[in-house]
Amino acid sequence: MVARIVGTDAVRDNWPARTFMAGLTEQSRHDLLSLGRPRRVPPGRVLITQGERRGQVFLLRSGRADITACVKVTAAAPNGTETLLGIRVGGDIVGELAALRDTDRSATVTTCTETIVHRLPGRDFVEFLNARPEAWQVLCRMLADRLEFANQRRLDFAGYPVVNRLARVLLELVGRHGREVRRGYDLGLGLSQTELGALVGARLDAVGLAMRELRAAGLVISGYRSLTVTDIDKLQRFVDLA
């Protein structure tokens, strides 16, 4: 099932809907933010490196009102092949699995936009969860949501050509992170075609051809690290007919 557009009424206290912070009570959000001092991080900065053994959890916030905080989560196979596992935005947390399991980092996290980051000691984060059952429930829902996204991508890889996989992931991303603009819905994330290809398991040339097909059908407008879905319903019908 492809996510639909989330309206502004789903966003509470300026935390994007379906993020960890959006699910917490006001007091819990205040307590969590107090665990780590904020720092402003420019785009292109690595927050977490795959394989390192550190237990901090990072809470993400937008550095500017007009740009969504965005980081990419990538993992490299032993042969060097890199895969984009997911995108996280303001209100999300990253690094929680290593803190919960006391293991090495399973992925690398890199900022895509200017981001305010709260670095939370892993032990303090776990104590925060243990003191608030509702926070554990929010975390479980968040992890289940991420698992569902990953499973859907694996199903797409097996069942659809590149153009349909790209259309499906664009609907998913717009539903989670998009914002309404004059010509449709902006993706809300500054992803390159290479990064979109990593999300749908396709090479750059194949993504370029798929993007050209979507543009020719009047479904998207694309530019350098920008993409607008012009007609959500039409793109949904394109996906449904695949």
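A surface patch is made of residues with over 30% relative accessible area and no salt bridge, and nonpolar side chains are joined into one patch within 5 Å. In this predicted model, Leu97, Leu100 and Trp136 make such a nonpolar patch of about 220 Å². The structure also holds 10 salt bridges, and its largest nonpolar core has 32 residues. The points below take these topics in turn.

**Surface patches**

- The nonpolar patch of about 220 Å² includes Trp136 among its members, and Trp136 is found in helix H5, which covers residues 133-159.
- Trp136 has a relative accessibility of 31% and therefore counts as partly exposed.
- A patch of positive charge also lies on the surface, where Arg39, Arg45, Arg54 and Arg119 gather.
- Arg119 belongs to strand E8, residues 115-120.
- Arg119 is partly exposed because its relative accessible area is 34%, a value between the limits of 20% for buried and 50% for exposed.

**The largest nonpolar core**

- Among the 32 residues of this core, Leu166, Leu170 and Leu214 touch the most other members.
- Several elements give two or more residues to the core: strands E5 (82-89) and E12 (226-229), together with helices H6 (162-177), H7 (193-200), H8 (204-216) and H9 (232-240).
- Helix H6 provides the largest share of the core, with eight residues.

- Side chains of opposite charge can pair when their charged atoms come close.
- Arg18 and Asp145 form a salt bridge through their side chains, with an N to O distance of 3.2 Å.
- This pair links distant parts of the chain, since Arg18 is in the segment before H1 and Asp145 is in helix H5, 127 residues apart.
- Arg18 is partly exposed because its relative accessibility is 41%, whereas Asp145 is buried, with a relative accessible area of 16%.
- A salt bridge also joins Asp104 and Arg53, whose closest N and O atoms are 3.0 Å apart.
- The Asp104 and Arg53 pair again links distant parts of the chain, 51 residues apart. Asp104 is in the loop between helix H3 (96-101) and strand E7 (108-111), and Arg53 is in the loop between strand E2 (46-48) and strand E3 (57-62).
- Asp104 has a relative accessible area of 39% and is therefore partly exposed, while Arg53, at 52%, is exposed.

**A network around Arg53**

- Arg53, Asp102 and Asp104 are linked in a network of salt bridges.
- Asp102 lies in the loop between H3 and E7, and Asp102 is exposed because its relative accessible area is 55%.
- Most residues other than glycine have a negative phi.
- Asp102 has a positive phi, near 55°, although this residue is not glycine.

**A further salt bridge**

- Arg203 and Asp205 form a salt bridge in which the closest N and O atoms are 3.7 Å apart.
- Asp205 counts as partly exposed because its relative accessibility is 48%.
- Arg203 is exposed, with a relative accessible area of 63%.

**Distances across the structure**

- Gly23 has its place in helix H1, residues 20-23, and is partly exposed, with a relative accessible area of 27%.
- Gly23 and Leu100 are 77 residues apart along the chain, and their C-alpha atoms are separated by 19 Å.
- Leu100 is also one of the residues that make the nonpolar surface patch.
- Ala17 lies in the segment before H1 and is buried because its relative accessible area is 13%, which is under the 20% limit.
- Between Ala17 and Ala210 there are 29 Å from C-alpha to C-alpha, and the two are 193 residues apart in sequence.
- Ala216 lies in helix H8 and counts as exposed because its relative accessibility is 69%.
- The C-alpha atoms of Ala216 and Glu96 are separated by 42 Å, with the two residues 120 apart along the chain.

Technical notes:
Residues are numbered from 1 along each chain as its sequence is written. This is a predicted model: local features need pLDDT of at least 70, side-chain atom pairs count only at pLDDT 80 or more; totals for chains, interfaces and linings use all residues. Side-chain values use heavy atoms; hydrogens and water are left out. Patches are made of residues with over 30% relative accessible area and no salt bridge: like charges are joined within 9 Å, nonpolar side chains (Val, Leu, Ile, Met, Phe, Trp, Tyr) within 5 Å. Accessible areas come from the Shrake-Rupley method with a 1.4 Å probe; for residues, only the protein chains shown count as cover. A salt bridge is a side-chain nitrogen of Lys or Arg within 4 Å of a carboxyl oxygen of Asp or Glu. Helices (H or I, at least four residues) and strands (E, at least two) are DSSP runs, numbered from the N terminus. Buried means under 20% relative accessible area, exposed over 50%, partly exposed in between (1.4 Å probe, protein chains only). Lys and Arg count as positive and Asp and Glu as negative; His and the chain ends are not counted. The place of a charge is taken as NZ of Lys, CZ of Arg, CG of Asp or CD of Glu. A nonpolar core is a set of buried Ala, Val, Leu, Ile, Met, Phe, Trp, Tyr and Cys residues joined through side-chain atoms within 4.5 Å.
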